[in-house]
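Hi,

Here is the structure I said I would pass on.

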Amino acid sequence: MKQTAQLSLFLALALICSYIESLLPFHFGIPGIKLGLANIVVLLALYYMGAKYALAVSVMRILLAGLLFGNLFSILYSLAGGLFSFACMVLLKRCEKFKVISVSTAGGIAHNLGQILMAAAVVENSRLFYYFPVLFLAGAVTGILIGTVAQEMLLRLPVERMQTYRKEKP
Amino acid sequence: MNKSRSAQRRLAKADLVLLAVLLLFGVLAFFAVRMLTQKNGTDVEVLLHGEIYGTYPLSEEQKIPIHQNGTVTNTLQIADGTVKMIQADCPDKLCVHQNAIAGQGETIVCLPNQVVVQILGTKEPGLDSISR
């Protein structure tokens with residue numbers, strides 16, 4: 001099925017993004033800040049294939065990247081952030097008024113928020129929310145950057161063109 | 001057809017408004033939290049799995065090894081009135097890379113080992129006096 005092949009391509013791309021990110025030293029002295037490169041791919045999958053497939057890309061990427069490049073503990077928090085982020089992105093995309101950058105920014109913020117919420121729940125400590133503003137702003141900034149990249153790609157490879165490729169006989 | 005195309009265009013007014021609101025909110029939240037936490041911490045409290053492991057004064061320079069399951073999983077160092085995690089056996093070492101903390105409300109957390117280091121103070125955060 002063409003969908004499976006396309007999905008696999010997106011997943012592979014997302015994993016490469018995660019790998020590159022694991023190589024970059026992105027430590028700012030504050031936990032939880034990351035670039036979120038793989039979200040470019042999730043966004044593209046969202047616009048090209050739809051929410052169902054994009055969710056598959058996101059979840060599978062988190063699981064596989066966690067096993068390959070990260071550690072088991074991080075998967076729990078990545079999933080929490082990733083799912084919350086995905087929900088926000090789908091919601092924002094549904095409001096047809098907002099473009100990719102807004103969707104991505106919301107995703108970035110929600111991802112960090114989801115992670116603090118899970119972390120605070122696990123260690124049963126609400127003081128972690130002290131970092132909420134920094135993570136909020138960091139998520140917004142990275143969201144804008146990631147969204148800009150996704151936007152430029154979508155502008156050059158319009159969704160309609162990708163869909164006509166899909167409709168062609170395999 | 002037009003509607004789906006427009007969703008991929010560059011920014012429109014709705015987006016700029018949303019982004020401005022979000023950034024404003026973030027900045028306000030930042031200063032709000034900043035005001036509510038003060039650099040007048042007096043003690044360091046270490047929590048393990050949500051339960052108090054020990055309390056140590058910020059004024060005393062010392063190294064604190066945190067024992068779990070028979071090994072030292074994390075090591076804290078109190079020096080110059082600040083606390084820093086200098087060793088951890090967790091895979092990501094995010095806690096070790098974190099900046100030293102000294103103010104109320106600040107924390108150092110090692111999620112894999114479930115260690116939370118927080119600052120306690122004598123003053124109520126955010127208030128200097130309560131008038132009745």
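To start with chain B: among its contacts with a separation of 6 or more, 37% are between residues 24 or more positions apart. Two residues are in contact here if their C-beta atoms, placed from the backbone, lie within 7 Å. This is a predicted model, in which local features need pLDDT of at least 70 and side-chain atom pairs count only at pLDDT 80 or more, while totals for chains, interfaces and linings use all residues. Residues are numbered from 1 along each chain as its sequence is written, and chains are lettered from A and ligands numbered from 1 in the order in which they are written.

Chain B has three helices and seven strands, in the order α-α-β-β-β-β-β-α-β-β from the N terminus. Helices (H or I, at least four residues) and strands (E, at least two) are DSSP runs, numbered from the N terminus. Of the 132 residues in chain B, 27% are buried (20 or more other C-beta atoms within 10 Å of a residue's own, with C-beta atoms placed from the backbone).

Now to where the chains meet: 37 residues of chain A and 37 residues of chain B take part in the contact. On the chain A side, helix 4 (72-94), helix 5 (100-123) and helix 6 (132-156) each contribute at least two residues. Helix 6 of chain A gives the most, with nine residues.

Best wishes

Note on methods. A residue is buried if 20 or more other C-beta atoms lie within 10 Å of its own, exposed if 12 or fewer, and partly exposed in between; C-beta atoms are placed from the backbone.
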